[in-house]
Amino acid sequence: MNSVQGLLAASVISIQNSCFVYPACQNCFSRLILDSRRFSCLKCGCTGEAKDASYRYRLSLKIADTNDLFDITVFGSCLDPFFGVTAENLQRYIQDFNQLSGETSTESSARALVQAVETCFIGKRFIFGV
């Protein structure tokens, strides 16, 4: 599934999700179920301590070329150059920021991150491997 079938030059019209980082299973990359102390993967059964969970990028976009609109999702480390850090580090920065700010709600940091991602991607043209 990693082989590129073709290239598509398209512009980003909108961001389709507001959660760009997710806890991912290191075996199968599925989303992990986290509680305060443990994680588990429903797909492959992998378990461990929550503090050891790894994170991946997942960015869902609506894009347009000259003829069509497409919904695509970009996963993984190919997004590292755009965010400037790995998904693991971004998650740590978000957690640290929320702790240091003393806010009980993570809404303001999430809103700021969405705004930054929209500024970085919307209206810009990229070449996507599909």
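**Briefing on a predicted single-chain model**

The accessible surface of the chain amounts to about 8500 Å², and carbon and sulfur atoms account for 53% of it. The structure is a predicted model. Three helices and eight strands are found in the chain, and buried residues make up 34% of its 130 residues.

**Overall layout**
- Read from the N terminus, the elements follow the order β-β-β-β-β-β-β-α-α-α-β.
- Taken along the principal axes, a box of roughly 50 × 35 × 20 Å holds the C-alpha atoms of the chain.
- Of the contacts between residues at least 6 apart in sequence, 59% link residues that are at least 24 apart.

**Charges**
- The chain carries 12 positive and 12 negative charges.
- The mean position of the positive charges and that of the negative charges lie 3 Å apart.

- Strand S8 covers residues 125-129, and its side chains alternate between two faces.
- Phe-126 and Phe-128 point to one face of S8 and are buried.
- Strand S1, which spans residues 7-15, runs antiparallel to S8, and five bridges join the two strands.

Note on methods:
Residues numbered from 1 in each chain as written. Predicted model: local features only at pLDDT ≥ 70, side-chain atom pairs only at ≥ 80, totals over all residues. Heavy atoms only, no water. Helix = DSSP H or I, 4+ residues; strand = E, 2+ residues; numbered from the N terminus. Buried < 20%, exposed > 50% of the residue type's maximum accessible area, 1.4 Å probe, protein only. Contact = heavy atoms within 4.5 Å. Areas by Shrake-Rupley, 256 points an atom, 1.4 Å probe, with all protein chains shown as cover. Lys, Arg positive; Asp, Glu negative; His and termini not counted. Charge placed at Lys NZ, Arg CZ, Asp CG, Glu CD. Pairing = 2+ DSSP bridges.
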